[in-house]
Amino acid sequence: MPQGIRFKDIRHIIHAAILIVVVMVGFLVARALTVPKSFGQYGHYRGDSIHENQDLSVILENPETCRECHESELKRKPDEPAIWPGLDAWRKGKHGSLTCANCHGNLKEHVERRRKDPTSETFVVTKDNRPQLCLLCHHAIVARPKVLPIFDPLREEHASYLEVLKEEQEEVIGCNTCHPSYRPHDPKLSE
Amino acid sequence: MGQLFGFVFPDERIYWQIPIVVYPFLTCIATGTFFLSTLDHLFKNKALKPVSNFALLASMAFVSFASLPLLVHLGHPERAFNIMFTPSIRSAMATFGYIYGFYLGLVLLEVWFVFRPQIVEFALASKGVKRAFYSILTLGVREVTPGASRIDHGIIKLIAFLRVPTACVLSGYVGLIFGTLDAVPLWSWRLMPLIFLLSAVAGGIGLITVLYAVAMKGKGWKLDARCVRSMAAYLLAFLLLTGLVQFINFLRSNYGDNPDWQFAFQTLKSEFGFSFIGLQLIAGWVAPVVLLLALLLMKMKDGLRSALAVTSSILVVVHLFTFLWNLVIGGQLASRTLRGSLSFQPELLGKEGILVSAVIAICPLVLLFILTKILPPYQKKVEAAG
Amino acid sequence: MRVNRRDFLRYACLIVPAGVVPLSRRLIGATAESSAKQKYSLEGHKYAFIVDSTRCIGCGECVRSCNMENKVPEGFVRTWVERYTTTKSGKVIVDSTYDVWRQRKKAERFNFEELKSVPAADISKAFFLPKLCNHCANPPCVPVCPVGATYQSPEGVVLTDPNYCFGCGYCIQACPYGVRFKNPITHTADKCTWCYHRIVKGLLPACVEICPTGARQFGDAAIAGSPIAQVLESAKLHVLRKDFGTNPKVYYIELNPEVR
């Protein structure tokens, strides 16, 4: 500026500058107060988030959990063959690649309750026995790979299910009367 | 959610709805209106003098509300400041946050410096609440010395100078938010910022022309013919540039080997045919170009010329809005599967509905009206001209 | 042949038939107990997911177990199965477990039903294809997040932070695979995490755990000699939308060109 600048001329600028500085300091303070401590611990994100994600509860049980109590076969009556053959025998069976949750629903509750109270008479395990469940996997629909054993409704023994396929009918014999859930490959008829 | 056609991925929805159309619209207008005030403040384009301060206030009104639709759209608006506190450098949206803040600051400063003489005058002349209000606005300095006025002029020039690149970057970054998303074929172009900038300037000039005409009508004053003509010329220039860049984008995508784009474009045409071809292209671009050419090249009365200019300006604003609509919502119609599409049925009420967005879009106009009451932008100039 | 294939499904972990990819279902499940006891380290993992679409039977159990495990809100999914049906005239018809859900309004199971629109005689080829987050090595969704609420964990798993995300939806737009969604309950971005909370405990992701045929495989390729490491080295694997340069870590055994 050619003629000397007097303080009077720039007083308003100083005031404005102070205002700007106040806003900026306010911003920095707010930032320091709100940004989580763990932010940037591993990268540009909240480090705690990793641990929060890790700590979510597991719901679907691994069959290995069942080993704790169902390792061996469960004989209800001494003269009849056990329904549950034991974990290792089940693994070797044709349904060994399935998971308990396919047919027994959510087992978390069962495991937790049984750990506390092994002898209680009240059961909370669903034992899905409806033909619809088996057909979930065995119904002959388009795109099923050839390796999968397909339920053939035209087979004599399967005749009673023709109705089931057409409409949702609940009152039918379960498939496990002939194909035990854990040994589906030996229909009881042939036994 | 809307209807589906064909096969779409299960989680695909139109996640960005009307607020995300309104948000770039307001930003574009805010950066577009800067252009007029810059021409005056920086390049001393005398023809634009009558609208320059008005444009400045409009810019302020629009930029103040530009982020509101974003806030409405957010799932957690209370965390909005995270974008400033922990910005991720590679995200166009985070950068936008900072540039937006900077631009808002510049506009506020510029308004303050430009209107300071008036503020001081009001603070001295008025009484009671009004006096207190203006006194706060003076920031405690209730005189304008000749030396200060000279310095202020320099500062205004400096700010106007800074504002040009900031405004370009601001509207450019809105474009980049879309342009960097390769997953959405209609958006993905790194030069999207250019389209946004040019459309923004065109839309901004258009809106100012309309608002100027309305304001003058309200006051019963005549439009400044030279100013209208000058604005019309700029409008035409930017409209043509927008068209050119859009056309380049079309050529590049249409004749490139890009099945995604082809599919998305087909979907846009079939779903949004009216708003794309009817409104955006014909009514929003061809019509104003013809009108503007006519009013610039043909001899006619000032009244008719102004009427034509205002009509084409309205159409240009429509163009800007439909361009954003077709880009933002139209871009999401095509599914990533290339086997189906979503259909968009805007809801009326609700957070992302038409009503809320309409209210947000009107807010800047209301603010502008209030601002022109607080800081009358044209009074003196018209008196001087008359 | 049929018997061979079926036995293969069962004994894949024990016998490696010549010329067939060695895949076992419980890749890390077998070590579940032991590794759970050690403290989990964020370093030194290289997780990979392998989808064998030739084995998928479309039972939809993966979708059900995922929804159950991750409390996915009704109407959205973190993983799903698609069915590609090609007719004799070359038309491709695609439907997914999402269509199953829409037909049943509220579905407990997500098994596919017979394709009604085409007579079986017209079909030349059909297969199921599971989809999930690809956990790209170069994820497009992470850099766009303005606040750092979605990130790649040190192991390379792409996660979201529902307590920091503000729900702008930018990452959802950026994903070329459409696997992200806005959770209507938390109002934040949500996606498949490969069941991060399970894998750090030495368990398999829920969808892998429940898959009855081993169409979904998961494991840590950093463990030398692990089945997944062998597959990654030996087999010819494909990824989805290679043109995006995202480098997915979900690999497909056999991927037909009509799949997007």
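1. Starting with the surface of chain C: it has about 9,800 Å² of accessible area, and carbon and sulfur atoms hold 57% of that (Shrake-Rupley method, 1.4 Å probe; for residues, only the protein chains shown count as cover). Keep in mind that this is a predicted model, where local features need pLDDT of at least 70, side-chain atom pairs count only at pLDDT 80 or more, and totals for chains, interfaces and linings use all residues. Residues are numbered from 1 along each chain as its sequence is written, chains are lettered from A and ligands numbered from 1 in the order in which they are written, and side-chain values use heavy atoms, with hydrogens and water left out.

2. Inside chain C, 65% of the 260 residues are buried (under 20% relative accessible area, 1.4 Å probe, protein chains only). Its secondary structure has nine helices and ten strands (DSSP runs: H or I of at least four residues, E of at least two).

3. On to chain B, with 14 helices and two strands. Its radius of gyration, 22 Å, is close to the 21 Å from the globule rule for 386 residues, so chain B is as compact as a globular protein of that length (C-alpha atoms; the rule is 2.2 Å times the number of residues to the power 0.38).

4. Buried residues make up 60% of the 386 in chain B. The C-alpha atoms fill a box of roughly 70 × 55 × 35 Å along the principal axes.

Definitions and conventions:
Buried means under 20% relative accessible area, exposed over 50%, partly exposed in between (1.4 Å probe, protein chains only).
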